[in-house]
Amino acid sequence: MAQGRARTSGGLEREIIACLAIADEPMTPAQVQAEIGGDLAYTTVMTTLSRLYAKRALVRSPRGRAFAYQLVGDVSTAQASLTAHQMRALLEAGEDRASVLSRFVQTLDGESEQLLRELLSDAREAKRR
Amino acid sequence: MILAAAFVPFLVGGVGARVARRVATGLPPVAAVALLTTLAASVAAGCAVVLLLAGLLALAEVPTAALGHVSVDALRDHVPMPPAVGFAAAAIALLMVLSVLWHALRLATRAGSIDAATARLGPAVDNLVIVRDPGALAYAVPGRTPRIVVSTGMLRALSAPERRALLAHEAAHLRYHHQCYVRLGQLAASANPLLRPVCRAIELAVERWADEIAAREVGDRVLVAHAVAAAALAHRPAPRGALAAAGANVLDRVRVLLTPKPRRQPVAAALSAVGAAACWVAALLLADHLDELLELAHRISSGG
């Protein structure tokens, strides 16, 4: 598979945040590297993790000879999730989606869902052949 | 002869509505967005100009009008249009302008409340805010504090490379100011309901634009297709109706991403481009013609 472009540092930081957000426990640079993808150099991951730590986005605790990182304070604060729900309501309230542009995807109806599954399985078969 | 030009913007609007979706899927997305927004703006402006000119003509027949005294007979000879039609046209044009203003105002207030909401979302690293929510949700919020909001439910529904694609997609929306194109389309459609399909096509083209940026970032269009599909399937538990057309967007996006070389739509593209240009030409021709006509009628009237 093609590896695509080299990541921008902002892109990689976001990826790492997303990865740590759903991790069950603090992760070492090696674990993050394994999770995100093999084409990334270990030092790149480590540098980015320390940068995020310096920005106070992460906290770390020693584990073995490395550090294990996790998101600071966690995002589960009541305030953030309340606001997120308000945003969601705003998002779904009107049809003018310009202000809150572009959810990644929208709700599918049953028929579209069926079609989508067919498209994917066709693509998978085509790949196998 | 020249009066036939009055119908051009409306005709182009009708044709545009029919081919817009094909333009959105059958052109490189950046070109599609540029073409569709130009088309929407041209049709909206062209229709408004034609209606305003018709109103002006009707007004010229009113003896006390500020335009001075003109020979009504001379005007009628050239433009067999009852004044009532002209005034109705002017009223519609006025409605269009009011509708655009109203819509712009609503957009502005909404943007304000969303800015306020994003400010409360708390700290973000590189604009990314992650929300603890089992529902699958991801969106980009443009504005004073641009944000990418993703729920943990969405992150869990995707593999690591798919997450990368999702983040690249949302970042592309913010980086290329996609909301501007969508807003322009919405304003045009609020002036002229004929343009609603064009507006929806702009939304689709903008999503495709972000999809292709994501595909370039991860180097794999099929992977992006799977990310879009996985996200859409995970997003299921909120069937609120009214969004069926949006479901069609997901299908089209996935379909295009799975096609190695998307089928081009040169005819739809050419129709849209020529149509957009024709709107401006028609408006200019008509304005010029009306100017001449009024001058002539004025001369006849004052010359006796």
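Begin by selecting H1(A) and H3(A), whose axes come within 10 Å and cross at roughly 80°. The axes are lines fitted to C-alpha atoms, for helices over the stretch in contact, and angles run from 0 to 180 degrees between N-to-C directions. H1(A) and H3(A) are therefore roughly perpendicular to each other; angles of 65 to 115 degrees count as such, those under 35 as roughly parallel, those over 145 as roughly antiparallel, and the rest as oblique.

This is a predicted model, in which local features need pLDDT of at least 70 and side-chain atom pairs count only at pLDDT 80 or more, while totals for chains, interfaces and linings use all residues. Residues are numbered from 1 along each chain as its sequence is written, and chains are lettered from A and ligands numbered from 1 in the order in which they are written. Helices (H or I, at least four residues) and strands (E, at least two) are DSSP runs, numbered from the N terminus.

Next, display the side chains at the crossing. From H1(A), residues A:Ser9, A:Leu12, A:Glu13 and A:Ile16 meet A:Thr48, A:Leu49 and A:Leu52 of H3(A); a contact requires C-beta atoms, placed from the backbone, to lie within 7 Å. The contact of H1(A) with H3(A) comprises 4 nonpolar, 2 polar and 1 charged residues. In this scheme Ala, Val, Leu, Ile, Met, Phe, Trp, Tyr, Cys and Pro count as nonpolar, Asp, Glu, Lys and Arg as charged, and the others, Gly among them, as polar.

**Helix H3 of chain A**

Now select residues 42–54 of chain A. This helix, H3, has 13 residues and reaches 18 Å from its first C-alpha to its last, close to the 18 Å expected at 1.5 Å a residue, where the expected span is 1.5 Å times one less than the number of residues. Its buried residues are A:Val45, A:Thr48, A:Leu49 and A:Leu52. They lie on the same side of H3(A), because they cover an arc of only 100° around the axis; the arc is that of the directions from the helix axis to the C-beta atoms. A residue is buried if 20 or more other C-beta atoms lie within 10 Å of its own, exposed if 12 or fewer, and partly exposed in between, with C-beta atoms placed from the backbone.

The buried residues of H3(A) pack against helices H1 and H2 and strands S1 and S2 of chain A. Just after H3(A), find A:Arg56, with a positive phi of about 65°.

**Helix H2 of chain A**

Select A:Pro29, A:Val32, A:Gln33 and A:Ile36, the buried residues of H2(A). They share one side of H2(A), since their arc around the axis is only 100°. Their cover includes H1, H3 and S2 of chain A together with helix H6 (160–175) of chain B. After H2(A) comes A:Gly37, whose phi is positive, near 150°.

**A helix pair in chain B**

Move to H1 (residues 8–26) and H8 (residues 196–218) of chain B, which pack at an angle of about 5° with axes 8 Å apart. H1(B) and H8(B) are therefore roughly parallel to each other. Among the residues that meet are B:Gly16 and B:Ala20 in H1(B) and B:Val198 and B:Leu204 in H8(B).

**Chain A as a whole**

Of its 129 residues, 33% count as buried.

Key: Contact = placed C-beta atoms within 7 Å.
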